[in-house]
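Please open the structure in your viewer and keep the sequence beside it, and then follow the stops below in order.

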Amino acid sequence: MSETQQPAAPRPEPIRFFGTTWVHHDGAYGLRRVGVAVGALAAAAAGAFVLRLGYEGLSIAAVGGFVSMLVVVMFAACNALAFRRAWEGFTRRPDPATDASVERSLQSVRMIGFIGVLLAWFCRAFVEAPGEKLHRAEYERECELHERRRAARAGNPAARGSAKRRKRG
């Protein structure tokens, strides 16, 4: 590659609901974080209301205390697992070799525990855009590597060699 054909600088990866505003915290970044937090909490409340209606349906059907307890424990466990997986997803990328089958098997747990996922988004929005820390670390690492490659190719290599020879002589 010649000096005029250097690779373009790395571009930040967009985050859902934030695009690339997370890089410089511009473009109503703060309002977006507030919007994500409020939206996630509202959706979690709506989901909890729907689950309550379902639980009341079980009570009306008189399925018994054991089944009602099983339903409550199942939803609580799925929400806890979904919260934990969503929270971990904000800080690290899943290993594609090992986590593909795990993610597929946990997909139904995340669907049942959707309130846990929404609460993870709500809590994370207080700290940063969900996933911003992970994306920022990757973007800064790519920028640093790009800068190193660009600095290593800067200038005329023949001129650098002749400058060293002049200093010695």
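This is a predicted model: local features need pLDDT of at least 70, side-chain atom pairs count only at pLDDT 80 or more; totals for chains, interfaces and linings use all residues.

Residues are numbered from 1 along each chain as its sequence is written, and side-chain values use heavy atoms, with hydrogens and water left out.

Select F18, W22, Y29, V36, V117 and W121, which touch the most other members of the largest nonpolar core, a set of 18 residues. Such a core consists of buried Ala, Val, Leu, Ile, Met, Phe, Trp, Tyr and Cys residues joined through side-chain atoms within 4.5 Å, where buried means under 20% relative accessible area, exposed over 50% and partly exposed in between (1.4 Å probe, protein chains only). The helix α5 (114–127) gives the most to this core, with five residues; helices are DSSP runs of H or I, at least four residues long, numbered from the N terminus.

Now show α2 (65–91) together with α5. Their axes, lines fitted to C-alpha atoms over the stretch in contact, come within 7 Å and cross at roughly 40°. Among the residues of α2 that meet α5 are F83, W87 and F90, contact meaning heavy atoms within 4.5 Å.

Finally, select H25, in the segment before α1, and A62, in the loop between α1 and α2. H25 has a positive phi near 55° and is partly exposed at 42% relative accessible area, whereas A62, with a positive phi of about 55°, counts as exposed at 63%.

Key:
Helices (H or I, at least four residues) and strands (E, at least two) are DSSP runs, numbered from the N terminus. Axes are lines fitted to C-alpha atoms, for helices over the stretch in contact, and angles run from 0 to 180 degrees between N-to-C directions.
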